[in-house]
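Morning, everyone. Please have a look at the structure on the screen while I talk.

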Amino acid sequence: MTKVVPHSLKDVPALIEKVLPVQLLSIEAYKEQMAVQSKTLIALGSYWKGRKPLILNRACVLGCLLPATGDLAKDLEVFELLMGMDDLSMRKRLGLGPDEPLPASAYKQLVDQAKRPEELGETLHVHAWPLVNSHLGTDATSFPELVEQLGIMRFGHRPRVADTFCGSGQIPFEAARLGCDVFASDLNPIACMLTWGAFHIVGGSPDARQQLVAEQQALFERIQSDTDALAIETDGNGWRIKALLYCLEVTCPETGWRVPLLSTLVLSKSRSVIAELVPNRQTQRYEIRVRIGVSDHELADAANGTVRSGGRGQDPYLIHILDGREHRTRVSSLRGDYRMPDGSQGSALRRWEKEDFKPRPEDVFQERLYAIQWSRPKPGGRGEESEFRAVTDDDLAREAVVERFVAEHL
């Protein structure tokens, strides 16, 4: 049996210092990024935009642990075995039979058709361990064993990875999956929540995930029961709210009219649905109607809402037409923007306080529910149908119920 000697790699350069197949890694990283909703950690939510590919994190950790010996070609071969980039691994990733030859295609074309290495798990690397152990002087049969042994050979203990700005946790997650001890922190509480979820939900045991699903379902059912008791999501005719469309609303300083701030009046391009602003002189406010099946010309006109900019980076304007006359006001003027003594930008807007969950009557920006998308199951129970509607008095009454509930429970 091979004996792992502590600190035997202490002064040996790491592979990442000498060689790394950047082109192959770029192809694999692109493959993972294009998986979109199928990525491992995306199930926790797509809030975090700066996600690093897990396969790139794996390459960095292994590249820092693996030694650069006097045989760089063999070093690179071992690295590619561990990354699932070798020919036999690619055959497994493509699902080829024993007698099917590997296509004579460029690596990118092969990767396009193949599964990602992490989709096959440890079974992908079964063939790699004899050669890996022979080259490194280890006796591992899994990544946690290999990483621990390499850590002992380099540092005298299992490797420790610290990520002090962990974001949504890709680096510590992949490092832990390889077998490192990890420490992760972030100033953003959402980042900490996502990282916790990466370890305890995505990385949890099957039993833990099954328990979570059961608790989640019970919570959904309780919330649905409470919501149904309030009668705030249904119209009484089998339709349930799918989406509530809100906008801000301001008073135009030139006309005294309240105008909704909408960058576009198109509600659904594919269904040719638009919102139409209809002046109400009695209230000095625009009523908002929903029109379905409009012409292509009307759809194109509706693309321009009441908030527009003269160009990229320029201040947006509130724009509305009344009695044939166009009225324009800079949004920065509505906010009351000004330059602070230290050079930073301030505004005259009231700062919200802890008890605020909606604007106060005197605030510049008000909120307005301007359309609702409703849905219901199709006859026969296959899929659902949906439609957009204008806001009615009944809808506003349901909204008032929600506001009272939030005010009492906040």
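I will start with the whole chain and then go to a few residues.

First, the ground rules. This is a predicted model: local features need pLDDT of at least 70, side-chain atom pairs count only at pLDDT 80 or more, and totals for chains, interfaces and linings use all residues. Residues are numbered from 1 along each chain as its sequence is written, and side-chain values use heavy atoms, with hydrogens and water left out.

Now the overall picture. The protein has 15 helices and 14 strands. Those are DSSP runs numbered from the N terminus: H or I of at least four residues for helices, E of at least two for strands. The C-alpha trace spans about 90 × 65 × 50 Å along its principal axes. What is the radius of gyration of the protein? It is 30 Å, whereas a compact globule of 410 residues would have one near 22 Å. That radius is taken over C-alpha atoms, and the globule rule is 2.2 Å times the number of residues to the power 0.38.

Next, burial. Of the 410 residues, 37% count as buried. Buried means under 20% relative accessible area, exposed means over 50%, and partly exposed is in between, with a 1.4 Å probe and protein chains only.

On to helix α4, residues 72-83. The buried residues of α4 are D75, V78, F79, E80, L81, L82 and M83. Just after α4 comes G84, with a positive phi of about 70°.

R58 sits in helix α3, residues 54-65. Is R58 buried or exposed? R58 is buried, because its relative accessible area is 14%. Leaving out residues up to four places away in sequence, R58 touches L82, M83, H125, F143, E174, R177 and L178. Contact here means heavy atoms within 4.5 Å.

Last, some backbone angles. Most residues other than glycine have a negative phi. V36 is not a glycine, yet its phi is positive, about 50°. V36 lies in the loop between α2 (22-33) and α3, and is partly exposed at 44% relative accessible area. Q284 is not a glycine either, and has a positive phi of about 50°. Q284 is in the loop between β6 (273-280) and β7 (285-292). At 35% relative accessibility, Q284 counts as partly exposed.
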